[in-house]
Amino acid sequence: MEDFHCEHLSDEQMKELNPIIRNAIYTGLHAISCMKMSKAAESYVNFQKMLIPGYWEQPELVSDFVRSVKLSDSQNYQD
């Protein structure tokens with residue numbers, strides 16, 4: 001994200017965009033975690049899923065996360 005910011009966005013634009021992205025991710029994660037207990041959260045998640053265009057590629061886990069999980073898992077097996 002920082003590389004994109006440096007190449008395409010001013011600091012002022014990034015300052016405006018950052019909380020929009022951060023709050024949307026946080027809201028989505030919160031809604032997903034509450035889906036089984038809240039019809040409103042379930043409806044929100046289902047509605048958001050309907051808004052995803054069919055041409056979007058499937059998301060992928062960030063490679064740093066995948067590596068850290070593999071490392072952590074291998075260390076847990078050694079204990």
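On a 1 Å grid over the protein atoms alone, a pocket is an open set of points where a 1.4 Å probe fits, with protein on both sides within 12 Å along at least five of seven lines. This is a predicted model, where local features need pLDDT of at least 70, side-chain atom pairs count only at pLDDT 80 or more, and totals for linings use all residues. Residues are numbered from 1 along each chain as its sequence is written, and side-chain values use heavy atoms, without hydrogens or water.

View A. The lining (residues with an atom within 4 Å of a point) has 14 residues, with Ile 32, Gln 48, Ile 52, Trp 56 and Pro 59 nearest the centre.

**View B. Who lines the largest pocket.** H2 (11–34) and H3 (39–50), both helices, each put in at least two residues; helices here are DSSP runs (H or I) of at least four residues. H2 gives the largest share, 5 residues.

**View C. H2 against H3.** Their axes, lines fitted to C-alpha atoms over the stretch in contact, come within 8 Å and cross at roughly 125°. Thr 27, Ala 31, Ile 32 and Cys 34 of H2 meet Ala 41, Tyr 44 and Val 45 of H3, contact meaning heavy atoms within 4.5 Å.

Terms used. Axes are lines fitted to C-alpha atoms, for helices over the stretch in contact, and angles run from 0 to 180 degrees between N-to-C directions.
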